[in-house]
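Hello,

Here is the structure for your files. My notes on it follow below.

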Amino acid sequence: MIVIRNVTLRGVMVMKTEITVKIKNDDRTETIKPLTIDIDIPEFDEFKGPDNIREVFYKYEKAVLKVGNAAAEISTEEYFTELSEKEVSGTLEYGYEGA
């Protein structure tokens, strides 16, 4: 899920994007707890017209890609950690008993 919101920090309005990653099983139970990361993005008033739209959009795109990559990296690490713990405890079902 991606959310864009305004936040007031020290009396200043800041625009943020927030990405939440959830990994769920077929039965809709969560494999890992939801992970949420947010990052500052350009304010609407930074888009002053056609002269700077590419520059500001680049800042926005760079921020969103950075937070998306971080969310994917962290959630994948948590997923494989959980997977390895289940495999060691023998709870994974591959048609045979685990270790």
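**Notes on the model**

I23 sits in the loop between β2 (12-21) and β3 (35-40). Helices (H or I, at least four residues) and strands (E, at least two) are DSSP runs, numbered from the N terminus. This is a predicted model, where local features need pLDDT of at least 70, side-chain atom pairs count only at pLDDT 80 or more, and totals for chains, interfaces and linings use all residues. Residues are numbered from 1 along each chain as its sequence is written, and side-chain values use heavy atoms, with hydrogens and water left out.

**Confidence**

pLDDT is the predictor's confidence in each residue, from 0 to 100. The protein has a mean pLDDT of 78, and 74% of its residues reach 70 or more. Confidence is lowest in strand β1 (residues 2-9), with a mean of 61. It is highest in α1, at 86.

**Around I23**

Which residues does I23 touch, leaving aside its neighbours within four places in sequence? Contact means heavy atoms within 4.5 Å. On that basis I23 is in contact with T29, E30, T31, I32, S75 and Y79. I23 and P34 are eleven residues apart in sequence. In space, their C-alpha atoms are 7.5 Å apart.

**Salt bridges**

How many salt bridges does a search of the whole structure find? There are two. A salt bridge is a side-chain nitrogen of Lys or Arg within 4 Å of a carboxyl oxygen of Asp or Glu.

One joins K16 and D40, with the closest N and O atoms 2.6 Å apart. K16 lies in strand β2 and D40 in strand β3, so the pair ties together parts that are 24 residues apart in sequence. Buried means under 20% relative accessible area, exposed over 50%, and partly exposed in between (1.4 Å probe, protein chains only). K16 is buried, at 12%. D40 is partly exposed, at 43%.

K59 and E46 form a salt bridge too, at 2.9 Å, N to O. This pair links distant parts of the chain. K59 is in helix α1, while E46 is in the loop between β3 and α1, 13 residues apart. Both ends are partly exposed: K59 has a relative accessible area of 41%, and E46 has 25%.

**Aromatic pairs**

Rings of Phe, Tyr and Trp (its six-membered ring) pair if their centres lie within 6.5 Å; planes under 30 degrees apart count as stacked, over 60 as edge-to-face and the rest as tilted. By this rule there are two aromatic pairs. The ring centres of F57 and Y60 are 6.0 Å apart and the planes are at 40°, so this pair is tilted. F57 and Y60 both lie in helix α1 (residues 53-89), three residues apart, about one turn of the helix. F57 is partly exposed, at 43% relative accessible area. Y60 is partly exposed as well, at 24%.

Y79 and F80 form an edge-to-face pair, 5.2 Å centre to centre with 75° between the planes. Y79 is partly exposed, at 29% relative accessibility. F80 is partly exposed, at 48%.

**Surface patch**

F44, F47, I53 and F57 form a nonpolar patch on the surface. Together they have about 410 Å² of accessible area. Patches are made of residues with over 30% relative accessible area and no salt bridge: like charges are joined within 9 Å, nonpolar side chains (Val, Leu, Ile, Met, Phe, Trp, Tyr) within 5 Å. Accessible areas come from the Shrake-Rupley method with a 1.4 Å probe; for residues, only the protein chains shown count as cover.

Best wishes
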